[in-house]
Amino acid sequence: MKEDNGAANPLHLTSLNHISLVCRSVDETLDFYQNVLGFFPIRRPGSFDFDGAWLFNYGIGIHLLQSEDPEHMPKHSSKINPKDNHISFQCESMANVEKKLEEMGIEYLRSRVEEGGVYVDQLFFHDPDGTMIEICNCNNLPVVPLPTSDQAIRSCPRANLTAESQAQQQQLRPCYSSPIH
């Protein structure tokens, strides 16, 4: 990477810290994120004058905020739509996740994505407030930076990469040469 990455990282960000979710019931949503997704509660500043909970795991925080008017929160569709906003988590075993969701009686939708002979399996379901959750084996797909606008878009543009980008890409997963549509 370039020493001065101001153009690529103008705010000098380092990572995703947390997401905040407004809940109808902090207790119900807290139970879900602990017992279904494996998050654990962490201390939250005592100066907050509103109900909520902070959770942490997998290198990310989730902040639950009690809705000021839970009866009038927007209703989420009960239909599971993979193209809706969602939070995605990588897992070790899709079969184990699917089995556990069935044991817990959680309705889910199974999906599969294919790119150049590589498959990603996905399971989608809702939390108690209707937030979509995805569990996947997304690490099967390589992370391949797109070329600059003056280069042809290909899923494996190694021939068009600078030596610096090639070195960076070597640290990523193997590249597949099928075109992106």
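Tutor: A residue is called buried here when its relative accessible area is under 20%, and exposed when that value is over 50%. The model is a predicted one, and with that in mind we can look at helix α1, which spans residues 26-35 and in which V26, T29, L30, F32 and Y33 are buried. Seen down the axis of α1, these buried residues fall within an arc of 160°, so they line one face of the helix, while D27 and N35, on the other side of α1, are exposed. The packing partners of the buried residues of α1 are the strands β1 (18-23), β3 (52-57), β4 (60-66), β5 (86-90), β7 (118-126) and β8 (132-136).

The loop between β7 and β8 contains D127, whose contacts, leaving aside neighbours within four places in sequence, are L21, T29, F32, Y33 and I133; among these, T29, F32 and Y33 are also buried residues of α1. D127 is itself buried yet has no salt bridge, since R24, the nearest side chain of opposite charge, is 7.1 Å away, and a salt bridge would require a side-chain nitrogen of Lys or Arg within 4 Å of a carboxyl oxygen. What the side chain of D127 does reach is the backbone nitrogen of D129, at 2.8 Å.

Turning to the cysteines, C136 is joined to C138 by a disulfide, with an S to S distance of 2.2 Å, and C136 is buried, at a relative accessible area of 2%, whereas C138 is partly exposed, at 31%.

Key
Residues are numbered from 1 along each chain as its sequence is written. This is a predicted model: local features need pLDDT of at least 70, side-chain atom pairs count only at pLDDT 80 or more; totals for chains, interfaces and linings use all residues. Side-chain values use heavy atoms; hydrogens and water are left out. Buried means under 20% relative accessible area, exposed over 50%, partly exposed in between (1.4 Å probe, protein chains only). Helices (H or I, at least four residues) and strands (E, at least two) are DSSP runs, numbered from the N terminus. The arc is that of the directions from the helix axis to the C-beta atoms. Contact means heavy atoms within 4.5 Å. Lys and Arg count as positive and Asp and Glu as negative; His and the chain ends are not counted. A polar contact is a pair of N or O atoms within 3.5 Å; within protein, one must be able to donate a hydrogen and the other to accept it, and residues adjacent in sequence count only if both atoms are side-chain atoms. A disulfide is a pair of cysteine sulfur atoms within 2.5 Å.
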